[in-house]
Amino acid sequence: MSNPSTLTLAPQATPVAKPLAIPLRAILPWALFSSLIFLLALYFIGVEQGALAIFNGTDVHEFVHDSRHLLSFPCH
Ligand SMILES: [Zn+2]
């Protein structure tokens, strides 16, 4: 028989798992890499034409043409 002083009707607290903490040092290289990829994509979609063009011709411009209009960059 158990000791009546230890009995309780309140539900026992269950331990709650801590949320997964990802250290900043682990995220930072991926954040920089994805930012670089994003900025490169934004450059080729938005600015790669005319005087700022890296590649001659309009191949890059035509390839991302629909993206330019989707993102409201001035085009033609
Ligand atoms: Zn256009």
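Which residues form a nonpolar patch on the surface? They are Leu 20, Ile 22, Leu 24, Ile 27, Leu 28 and Leu 32, and together they have about 660 Å² of accessible area. A patch here takes residues with over 30% relative accessible area and no salt bridge, with nonpolar side chains (Val, Leu, Ile, Met, Phe, Trp, Tyr) joined within 5 Å and like charges within 9 Å. A salt bridge would be a side-chain nitrogen of Lys or Arg within 4 Å of a carboxyl oxygen of Asp or Glu. Areas come from the Shrake-Rupley method with a 1.4 Å probe, and for residues only the protein chains shown count as cover.

A word on the model: it's predicted, so local features need pLDDT of at least 70 and side-chain atom pairs pLDDT 80 or more, while totals for chains, interfaces and linings use all residues. Residues are numbered from 1 along each chain as its sequence is written, and side-chain values use heavy atoms, leaving out hydrogens and water.

Overall, the chain has three helices and zero strands (DSSP runs numbered from the N terminus: H or I of at least four residues for helices, E of at least two for strands). Of its 76 residues, 9% count as buried (under 20% relative accessible area; exposed is over 50%, partly exposed in between, 1.4 Å probe, protein chains only).

Now look past helix H3 (65-70), where you'll find Phe 73. Phe 73 is partly exposed, at 25%. Leaving aside residues up to four places away in sequence, Phe 73 touches Leu 42, Ile 45, Gly 46 and Arg 68, a contact being heavy atoms within 4.5 Å. Phe 73 and Gly 46 are 27 residues apart in sequence, yet 6.0 Å apart C-alpha to C-alpha.
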